[in-house]
Amino acid sequence: MPPSGGRIAFRMSSLEPVLVPLPFAVDYAPGEGGTLVMVFSSIGHDPDRMPEPEFRQMAVRGGRGALFIRDASRSWANAPEFDSVIRSAQHHAMSRQKVTRIVAMGVSMGAFSALVAASLLPIDAVLAIGPQFSIDPAVLDEPRWRDHAQRIGIFRRPVCPLPARPWICLMHGLADDGVQAMSFPLQRGVDHILFDGITHGRLGPHLKQTGLQGLVDALVTGDRRRLLRIAIAAGGRRRQLPR
């Protein structure tokens with residue numbers, strides 16, 4: 001439930017639904033300035049309900065416009081409607097505000113989806129927290145994602161893309177995500193931050209406690225040095241050398 005009182009509560013009450021087909025839902029928070037934040041939700045806590053919009057307060061801070069994209073089928077961007085849905089969402093936002101910079105973010109499935117979106121749209125930067133390299137059992141057969149993989153069935157995107165255009169920051173907790181993390185290739189333009197001793201499920205809450213808002217703000221402004229400084233102060237270490 002949105003918090004009561006203050007500017008953030010007003011912004012939350014002004015979310016506009018964007019007309020898209022099921023199993024997706026998209027909401028737009030009108031913004032000022034040239035930045036558009038695209039937030040992709042994770043699988044959520046209740047498999048029988050549409051996932052909730054995530055990072056609502058962080059995304060709209062400072063009057064930023066934001067799109068919140070959710071997938072009730074938990075398809076990891078494999079649903080046939082995914083491509084047209086994100087293009088429709090982008091078009092809706094750009095019809096309402098001037099957009100000069102687009103950033104995308106998400107956790108787990110949302111992070112995977114944000115990276116897929118960056119391979120389809122002119123996205124400038126991506127913050128991907130705990131993305132799976134793959135949940136396709138033909139690529140990596142992990143018990144954690146097996147039920148979801150069975151429901152998806154046919155994988156249009158068996159592995160997570162790392163598009164060359166945007167600046168990408170990947171973050172993984174190595175306590176249980178080491179295989180997924182190390183399956184991502186080292187690539188120019190990609191900063192990969194590893195957190196020893198932190199699980200997949202704890203990485204998001206850990207970052208919220210140690211500076212996630214600063215990470216989002218640095219992503220929005222393209223301040224790579226600040227983002228890396230915050231991530232390292234939160235206990236992360238860089239997998240690759242600076243660009």
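**Figure 1. Packing of helices H8 and H9 in the predicted model.** Helix H8 spans residues 212-221 and helix H9 spans residues 224-233; their axes lie 8 Å apart and meet at an angle of about 160°. Angles over 145 degrees count as roughly antiparallel, and H8 and H9 are therefore roughly antiparallel to each other. Their crossing is left-handed. On the H8 side the contact is formed by Gly214, Leu215, Asp217, Ala218 and Leu219, and on the H9 side by Arg226, Leu227, Ile230 and Ala231. Sorted by class, this contact of H8 with H9 comprises six nonpolar residues, one polar residue and two charged residues.

**Figure 2. Asp223 in the loop between H8 and H9.** Asp223 is partly exposed, its relative accessible area being 32%. Apart from neighbours within four places in sequence, Asp223 is in contact with Trp167 and Ala218. Ala218 is also one of the H8 residues in the contact with H9. Arg146 is 77 residues from Asp223 in sequence, and the C-alpha atoms of the two are 37 Å apart in space.

**Figure 3. The open sheet of nine strands.** The strand order is E1-E2-E4-E3-E5-E6-E7-E8-E9, and the pairing is mixed. E1 and strand E9 (237-238) stand at the edges with a single partner strand each, so one side of each has no neighbour in the sheet. Helix H6 (residues 174-183) packs on the sheet and touches strand E7 (167-173), strand E8 (190-195) and E9. The direction of H6 makes about 140° with that of E7. Helix H8 lies across strand E3 (35-40), strand E5 (101-107), strand E6 (125-129) and E7. Relative to E5, H8 runs at about 150°.

**Figure 4. Strand E2 and its two partners, E1 and E4.** E2 covers residues 24-29 and is mostly covered, with six of its six residues buried. In a regular strand, side chains alternate between the two faces of the sheet. In E2, Phe24, Val26 and Tyr28 are on one side, Ala25, Asp27 and Ala29 are on the other, and all are buried. Strand E1 (residues 16-18) is joined to E2 by three bridges, and the two run antiparallel. E1 and E2 form a hairpin with five residues between them. Strand E4 (residues 65-71) is joined to E2 by six bridges, and this pair also runs antiparallel. Tyr28 is the bridge partner of Glu16 and stands opposite Leu67 in E4. Ala25 stands opposite Arg70 in E4.

**Figure 5. Leu22 and Pro23 in the loop between E1 and E2.** The peptide bond from Leu22 to Pro23 is cis, with omega near 15°. Most peptide bonds are trans, and most residues other than glycine have a negative phi. Leu22 counts as exposed, at 68% relative accessibility. Residues up to four places away in sequence aside, Leu22 touches Met50 and Glu81. Gln187 is 165 residues away from Leu22 in sequence and 35 Å away in space, C-alpha to C-alpha.

**Figure 6. Asp177 in helix H6.** Asp177 is buried, with a relative accessible area of 1%. Not counting residues up to four places away in sequence, Asp177 touches Gly130, Arg144, His172 and His200. The helix that holds Asp177 is the one that packs on the sheet against E7, E8 and E9.

Figure 7. Trp76 lies in the loop between E4 and helix H3 (82-96). Trp76 counts as buried, at 1% relative accessibility. Ser108 is found in the loop between E5 and helix H4 (109-118). Ser108 counts as buried, at 7% relative accessibility.

Terms used: Residues numbered from 1 in each chain as written. Predicted model: local features only at pLDDT ≥ 70, side-chain atom pairs only at ≥ 80, totals over all residues. Heavy atoms only, no water. Axes fitted to C-alpha atoms, helices over the stretch in contact; angles between N-to-C directions. Helix = DSSP H or I, 4+ residues; strand = E, 2+ residues; numbered from the N terminus. Parallel < 35°, antiparallel > 145°, perpendicular 65-115°, else oblique. Left-handed = near helix turned anticlockwise from the far one by under 90°. Contact = heavy atoms within 4.5 Å. Nonpolar A, V, L, I, M, F, W, Y, C, P; charged D, E, K, R; others polar. Buried < 20%, exposed > 50% of the residue type's maximum accessible area, 1.4 Å probe, protein only. Pairing = 2+ DSSP bridges.
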